[in-house]
Amino acid sequence: MFRVFWCILHRDLTLALRRRTDVLTTLFFFIIVVSLFPLGVGTEKETLQTLGPGVVWVAALLASMLALERLFAADYEDGTLEQMLLAAQPLSLVVLAKITAHWLLTGLPLVLIAPLAGMQYHLTGESILVMMGALLVGTPVLSLIGAIGAALTLGVRGGGILLSLLILPLYVPVLVYGSGAVEISRIDFSATGPYFALLASFLLVALTFAPLASSAALKISLE
Amino acid sequence: MIAFLSQGGYAFFVWGAYGMTLILLVAEILFLRYKRRTILARIGRLIRMRHSGVKQ
Amino acid sequence: MALNWFRFAAPSAFYPLAGRAIPIFWWLTVIPLVIGLVWGFFMTPDQLGGTNAQKEYYRIIFIHVPTAWMSMWLYVVMAGWAAVGLVFKTRLSFMMANAIAPTGAVFTFLALWTGAFWGRPSWGTYWDWDPRLTAELILFFLYIGYIALHSAIDDTRRADRAAALLAIVGLVMVPVIFWSVNCPDPNQCAALHQRSDLTRMEGNILFSMLTITFAFWMYSFATTLMRLRSLILERESAAGASWVETTLGKEGAS
């Protein structure tokens, strides 16, 4: 079981690292969106501090959603996905491995670049820490839920736009508590506990159900 | 009558809400009838085409 | 006498049945609607007391609450039919889910619209990021997503099943979304909408609200069945089913 998981994970990571620009595009998209906001709303320190958590989270949502399109697309086009469907191993395990690879390539870089965004918005050191933590727990949920949408819109015309319409409403809870945690950390660092508990419970629930739902969606899309 | 129409000075809000509801519900019914008619017409054409094809 | 319900799961059997049911549902819509509206406008007080006195504009409640209820209920029914379709693989269930979606979207939009027109005089604003408003808005997006996904996929069978899965995922997410916008701060919850309690409402108001809810419910049945009949015709004739021709011939293509 774990061999399959590692195998797929390793394969996806190797494939992605051969085409590094894909990974870097997502990252730079995030940086550009975050940098554009101060130019639009003004560079006042107070405004930026209030807007910061929300802007960073919305940018993270968009960045991870943009990358979702590629989650199954390449394997779908060259027929690998059908082979995986026919394999003896449970499809949800394969899907989970692919999602993990996807998160390592698009979610984790966002977590690591977050301090830069935090400094642009004059957040304090504590808030930046909370933001990194919240992104670390929250972005996997985004990848997991997004995988369902990516599987449903596989090979559909206008898939990218459609994907955003389907998936963004489902991202609301993560957005609310993710940016909420950063928001509250500016007032009271110790009050962030419940936010992390909720984000972690979202992660656990998503880990249990999202691979199942995505593999069901893949079966529908591929038959 | 005028008192009824003015709704205690809140005519815009009351009739705005009721008006939109009326418009959308009637529009939905009209659209459904229109759609049914176009489908029937298309199927009718198909059937006629098939029958004339058989005769030839 | 054992009635075989699955007999009506065949589109050819359901089509004439729906045709006979539609006029009944229209009467069931119109009569309660007229009663409810007349009662609501003439038998109810002009002003509501309480700490926050509401004047005539509270009459929007007679359509606001029913549309909001229907928008949520129809989503549940839609997801329910979608689930039935996925489990039993019945074509008609998917068509049913498909036929409900536009009516549900219309009611969701109306709930938002009438809410805005009520919010302006009573809260002083058309829109507020109140939990229920936000959740209703997201419900609207879910309906639109369902319709968009279904219409984007050309293969009907795949479209049915993909959209059904989406509807079920949405149904699971709705309580979480509602809860998250209701308690953005887990340490304390606040809401602009007051707690609703049907037993504390004035009898006449409650009566007209419930009659109109019933009317809208029957309206949903009527429009859903109308749309369903169109869908059945469209799909079955595309599939070349011979009953379409005979049935239409019998009805005089009316």
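## Helix packing and chain contacts

In chain A, helix α2(A) meets helix α6(A) through V23(A), T26(A), L27(A), F30(A), I31(A), V34(A), S35(A) and P38(A) on the α2(A) side, and through L105(A), T106(A), P109(A), L110(A), I113(A), A117(A) and Q120(A) on the α6(A) side. Sorted by class, this contact holds 11 nonpolar and four polar residues, with no charged ones. To find the pair in your viewer, look for α2(A) at residues 20-41 and α6(A) at residues 91-120; their axes come within 10 Å and cross at roughly 25 degrees. Because angles under 35 degrees count as roughly parallel, α2(A) is roughly parallel to α6(A). Their crossing is right-handed.

Please keep in mind that this is a predicted model. It scores ipTM 0.82 and pTM 0.85. For chain C, the mean pLDDT is 79, and 81% of the residues of chain C reach 70 or more. Within chain C, helix α2, at residues 61-88, has the highest confidence, at 88, while α7(C) has the lowest, at a mean of 72. Where pLDDT is low, predicted coordinates should not be read in detail.

From α3(C), the contact draws on M95(C), M96(C), N98(C), A99(C), I100(C), P102(C) and T103(C); from α6(C), it draws on S220(C), T223(C), T224(C), R227(C), L228(C), L231(C) and I232(C). By class, these residues are eight nonpolar, five polar and one charged.

Now for the contacts between chains. Chain A and chain C touch through 24 residues of chain A and 24 residues of chain C. On the chain A side, the elements giving two or more residues are α7 (125-152), α8 (159-167), α9 (172-185) and α10 (193-222). Of these, α10(A) gives the most, with eight residues. The chain A side divides into 20 nonpolar residues, three polar and one charged.

Chain C also touches chain B, with 28 residues from chain C and 23 residues from chain B in the contact. On the chain C side, α3 (91-123), α6 (203-238) and α7 (243-250) each supply at least two residues. The largest share, nine residues, comes from α3(C). By class, the chain C side has 15 nonpolar, five polar and eight charged residues.

Finally, some annotated spans. An unreviewed UniProt entry gives the annotation "transmembrane region" to residues 12-32 of chain B. For chain C, the UniProt annotation, likewise from an unreviewed entry, covers residues 21-42, 62-88, 100-119, 131-149, 161-181 and 205-225. The table sets out how the model builds some of these spans.

| Span | Helix and strand content | Distance between end C-alpha atoms |
|---|---|---|
| Residues 12-32 of chain B | 100% helix, 0% strand | 29 Å |
| Residues 21-42 of chain C | 100% helix, 0% strand | 32 Å |
| Residues 100-119 of chain C | 100% helix, 0% strand | 28 Å |

Notes:
Residues numbered from 1 in each chain as written. Chains lettered and ligands numbered in written order. Predicted model: local features only at pLDDT ≥ 70, side-chain atom pairs only at ≥ 80, totals over all residues. UniProt positions renumbered as here; feature names shortened; annotations may be inferred. Helix = DSSP H or I, 4+ residues; strand = E, 2+ residues; numbered from the N terminus. Contact = placed C-beta atoms within 7 Å. Nonpolar A, V, L, I, M, F, W, Y, C, P; charged D, E, K, R; others polar. Axes fitted to C-alpha atoms, helices over the stretch in contact; angles between N-to-C directions. Parallel < 35°, antiparallel > 145°, perpendicular 65-115°, else oblique. Left-handed = near helix turned anticlockwise from the far one by under 90°. pLDDT = per-residue confidence, 0-100.
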